[in-house]
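Dear colleague,

Please find the structure below, followed by my notes on what was found in it. I would be glad if you read the two side by side.

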Amino acid sequence: MCGIAGIFKKENASFGVAEALFAEQHRGQDSAGIVSWDKEGLHSHFGLGLVKDTFSQEKLKSLPGSMAIGHVRYPTQGPVSLCNCQPHIFSMDGKPIFALASNGDITNLPELIEEIEKEGFALEGDNDAEVMAKFVGMVAFRRNKGLVEAMYLLMEKALGAFSAVLMTDEELYAFRDPWAFRPMCYGDKDGVAAIASESVALDILRIPYKGEIPAGSIFRWGPDGSMTYPRRVEKPARHCIFEHIYFSRPDSVIFGEKVFEVRRKIGEALASGDDVKADHVIAVPDSSNYIALGYANRSGIPFALGLVRNHYVGRTFIAPDQITRDEGVRFKFNPLPGFIAGKKLVIVDDSIVRGTTIKKLIRMLRENGALEVHLRIGSPPIRYSCYYGVDTPNREKLIASKMEIEDIRAFIGADTLKYLTIEDLRGTVSNPDDYCYACFRGDYPAGEKKHPSLVS
Ligand code: SF4
């Protein structure tokens with residue numbers, strides 16, 4: 001996933017970018033970086049871990065200027081390391097020319113790398129943003145086409161997901177892949193402009209939301225005002241439906257929809273025609289809360305906060321290695337004492353990836369005396385990997401790619417199991433044809449990624 005933010009023409013812009021990144025922390029927890037620019041030049045700071053641990057007041061004071069961009073990282077390409085932190089700084093002859101941060105995943109990265117290496121550029125890290133920055137820098141300054149043409153050429157050649165911010169010494173740009181897989185919005189007020197992955201970051205900054213950066217287009221803010229460059233590459237919109245199901249914050253507006261409302265509709269659709277009898281509906285907190293509320297409203301079964309989540313453990317789905325994930329499950333959730341015993345429960349979760357987390361949770365509910373556990377899932381079965389910015393495991397590790405629903409039910413130990421259908425999911429958004437459903441159907445709109453790592 002990753003989260004990005006940018007601010008133009010605001011005193012101490014780095015403070016605002018840090019606040020925006022803090023609001024987007026759920027989009028990536030492995031590293032954070034901010035680059036600012038003032039008349040003295042470019043300033044940068046990066047760190048592994050959370051925004052609050054990486055950016056003290058002192059660190060932010062060392063990033064002066066009225067323009068800044070930042071990034072929180074969730075790795076889908078390349079290991080967690082300082083050289084893979086973003087924004088990436090593009091320099092020529094030792095002089096910084098621009099900085100770029102991106103959210104997404106490019107499926108044909110090797111083709112772009114071949115092109116930049118032919119012109120003498122070498123990679124230092126293993127991440128999309130560095131390749132994008134070097135490609136744009138090469139076209140703009142080695143081939144003398146200028147930045148806007150370079151961004152257009154990148155959008156013509158790169159396949160996959162990328163929502164990006166780019167900052168020079170006096171301009172801020174935002175551009176987005178022609179499919180618009182990942183969200184990116186902007187707002188402005190009194191001459192101050194802000195860009196963010198999610199609208200919640202604009203709320204925190206108190207900058208009114210204006211809309212999304214349109215697919216395949218370029219926005220520019222500079223000393224002479226703002227400018228929009230329309231799309232040149234026509235592709236059908238393919239927004240990631242999982243942004244609604246799980247990734248984005250419920251208080252964000254994504255792809256023109258209020259996320260919490262889509263989740264509530266998902267819950268209502270799950271409950272339609274479901275005749276299970278239970279004492280309570282409980283959510284796997286927090287991402288499933290609104291789905292469970294929708295289910296409870298439609299079914300008439302009372303909603304209860306039966307599980308408590310420890311917020312100081314990362315999202316289990318995001319944890320990049322198996323050890324962290326297993327420990328996370330044990331520490332992350334705990335049932336209310338005495339509440340579960342003797343109850344028939346509907347438990348609502350947003351998705352099942354490997355099945356290991358929910359299996360442990362159901363075991364925990366039974367150990368606490370649950371009489372029946374009926375599992376309802378707010379997405380269709382995930383049968384295919386994602387290549388557009390989500391670190392889903394290889395296909396063979398996805399439980400729904402190798403088991404039928406009844407076998408999954410038996411494996412995780414639920415009394416009954418029901419998934420949302422793709423048709424019902426489509427009914428929860430206004431423009432269902434504008435979404436990607438590849439992790440359910442395997443119909444990849446921008447190709448498959450076949451390069452697990454590029455730099456050894
Ligand atoms: S494959 Fe799934 S997770 Fe990936 S972009 Fe498409 S809908 Fe989103």
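The axes of helix 5 (residues 128-142) and helix 6 (residues 147-157) come within 8 Å of each other and cross at roughly 130 degrees, where axes are lines fitted to C-alpha atoms, for helices over the stretch in contact, and angles run from 0 to 180 degrees between N-to-C directions. That angle makes helix 5 oblique to helix 6, given that angles under 35 degrees count as roughly parallel, over 145 as roughly antiparallel, 65 to 115 as roughly perpendicular and the rest as oblique. Helices (H or I, at least four residues) and strands (E, at least two) are DSSP runs, numbered from the N terminus.

Please keep in mind that this is a predicted model, in which local features need pLDDT of at least 70 and side-chain atom pairs count only at pLDDT 80 or more, while totals for chains, interfaces and linings use all residues. Residues are numbered from 1 along each chain as its sequence is written.

To return to the helix pair, Met132, Phe135, Val136, Val139 and Ala140 of helix 5 meet Leu147, Glu149, Ala150, Met151, Leu153 and Leu154 of helix 6, two residues being in contact if their C-beta atoms, placed from the backbone, lie within 7 Å. By class, this contact has 10 nonpolar, no polar and one charged residues; Ala, Val, Leu, Ile, Met, Phe, Trp, Tyr, Cys and Pro count as nonpolar, Asp, Glu, Lys and Arg as charged, and the others, Gly among them, as polar.

The buried residues of helix 6 are Leu147, Ala150, Met151, Tyr152, Leu154 and Met155, and what covers them includes helix 5, strand 8 (172-176) and strand 12 (218-222). Here a residue is buried if 20 or more other C-beta atoms lie within 10 Å of its own, exposed if 12 or fewer, and partly exposed in between, with C-beta atoms placed from the backbone. In helix 1 (residues 13-23), 10 of the 11 residues are buried, so this helix is largely enclosed by the rest of the structure; among its buried residues are Phe15, Glu19 and Leu21.

Around the ligand one finds Phe181, Cys240, Ile241, Phe242, Cys386, Tyr388, Val390, Cys436, Tyr437, Ala438 and Cys439, a residue being near a molecule or strand if its C-beta atom, placed from the backbone, lies within 6 Å of it. The shell divides into 11 nonpolar, no polar and no charged residues.

Phe46, in strand 3 (residues 41-48), is partly exposed, with 19 other C-beta atoms within 10 Å. Not counting residues up to four places away in sequence, Phe46 touches Ser31, Gly33, Leu82 and Cys85.

A cis peptide bond, with omega about 0 degrees, joins Gln86 and Pro87, and Pro87 lies in the loop between strand 4 (67-73) and strand 5 (88-92). The peptide bond from Pro285 to Asp286 is cis as well, with omega near 0 degrees, and Asp286 is placed in the loop between strand 17 (280-283) and helix 10 (289-299).

Lys9, although not a glycine, has a positive phi of about 65 degrees; this residue sits in the loop between strand 1 (3-8) and helix 1 and is partly exposed, with 17 other C-beta atoms within 10 Å. Asp190, also not a glycine, has a positive phi of about 50 degrees and is exposed, with 7 other C-beta atoms within 10 Å.

With best regards
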